[in-house]
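Here is a short report on one protein model and its ligand. Keep the sequence and the 3D view open as you read.

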Amino acid sequence: MEYERLPDRLETLISQSELEERIRQLAAEIDRDFAGADPLLCVGVLKGSVFFLVDLLKQVKIPVVVDFFQTASYGSGTTPGEVRIRKDIDLSIRGRDVLLIEDIVDTGYTLRTILDLFRFRGARSVRLCALLDKADAREVDVPIDYRGFTIDNIFVVGYGLDLDERYRNLPYIGVIQDDAAPETD
Ligand code: PRP
């Protein structure tokens, strides 16, 4: 069983209650900004955003529709910053207000790529919502409209964020206290 190999020592960076409180605040901001508008098209970037998206949208009261986008980056044969589309959205975004939902913005290449693509396709507006902003790691500018927390340039797991696909289901954001942990995302 894969989980038997989990390191024991995980330090909590952002607790479950802190996440819940901040997500309530973000949902209230989104409700306020999009009150009276057409249904907001919320696009989660797989896989990491799923836990955040679900909890956020359960708090949002405005009408929304949900779709997903998936990218692959930094694989073999790619150049730095080259982001490939693994799964496109199913819905049309022409003329729609779009909210892109991410668990973390690191270099910024993923969100920048999707933002530019959605604008090219004729979205009426595209706003960005990220739970975590690793601002010191940024290589390309992205305008984050709804930001949960700014964190240091450290490797974090939990609440959607993984280490080799593990830890996504932790209900908090943690830092692995293990010499083997990578230094950055
Ligand atoms: C992570 C994260 C963002 C992206 C941010 O996804 O969820 O999508 O990296 O990095 P960037 O700002 O440097 O582009 P990842 O590619 O690890 O996939 P995952 O969500 O499936 O874990």
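Is Val43 buried or exposed? This is a predicted model, and the answer is computed from its atoms. Val43 is buried because its relative accessible area is 0%, which falls under the 20% cut-off.

Val43 sits in strand S2. Leu91 lies 48 residues away from Val43 along the chain.

## Strand pairing

Strand S2 covers residues 40-46. Its partner is strand S3, residues 64-73. Seven bridges join S2 and S3, and the two run parallel. Look at Leu40 for an example: Val64 in S3 stands opposite Leu40.

Strand S3 also pairs with strand S4, residues 83-87. Here there are four bridges, and the direction is antiparallel.

## Helix H1

Helix H1 spans residues 16-33, which makes 18 residues. From first C-alpha to last, H1 reaches 26 Å. That is close to the 26 Å expected at 1.5 Å a residue.

Which residues of H1 are buried? They are Leu19, Arg22, Ile23, Leu26, Ala27, Ile30 and Asp31. An α-helix has 3.6 residues a turn, so residues three or four places apart point the same way. Follow the buried positions along the helix with that spacing in mind. Note that Arg22 and Asp31 are on the buried list.

## The ligand shell

How many residues surround the ligand? There are 15, and the closest are Glu102, Asp103, Thr107, Gly108 and Thr110. By class, the shell holds six charged, five nonpolar and four polar residues.

Glu102 places a polar side-chain atom 2.5 Å from an oxygen atom of the ligand. Thr110 has a polar side-chain atom 2.5 Å from a ligand oxygen atom. For Arg168, the distance from a polar side-chain atom to an oxygen atom of the ligand is 3.1 Å. On its own, the ligand has 500 Å² of accessible area, and the protein covers 82% of that.

Which elements give two or more residues to this shell? They are strand S5 (97-105) and helix H3 (109-120). S5 gives the most, with four residues.

How values were computed. Residues are numbered from 1 along each chain as its sequence is written. This is a predicted model: local features need pLDDT of at least 70, side-chain atom pairs count only at pLDDT 80 or more; totals for chains, interfaces and linings use all residues. Side-chain values use heavy atoms; hydrogens and water are left out. Two strands pair if DSSP finds at least two bridges between them. The expected span of a helix is 1.5 Å times one less than its number of residues. Buried means under 20% relative accessible area, exposed over 50%, partly exposed in between (1.4 Å probe, protein chains only). A residue is near a molecule or strand if one of its heavy atoms lies within 4 Å of it. A polar contact is a pair of N or O atoms within 3.5 Å; within protein, one must be able to donate a hydrogen and the other to accept it, and residues adjacent in sequence count only if both atoms are side-chain atoms. Accessible areas come from the Shrake-Rupley method with a 1.4 Å probe; for residues, only the protein chains shown count as cover. Ala, Val, Leu, Ile, Met, Phe, Trp, Tyr, Cys and Pro count as nonpolar, Asp, Glu, Lys and Arg as charged, and the others, Gly among them, as polar.
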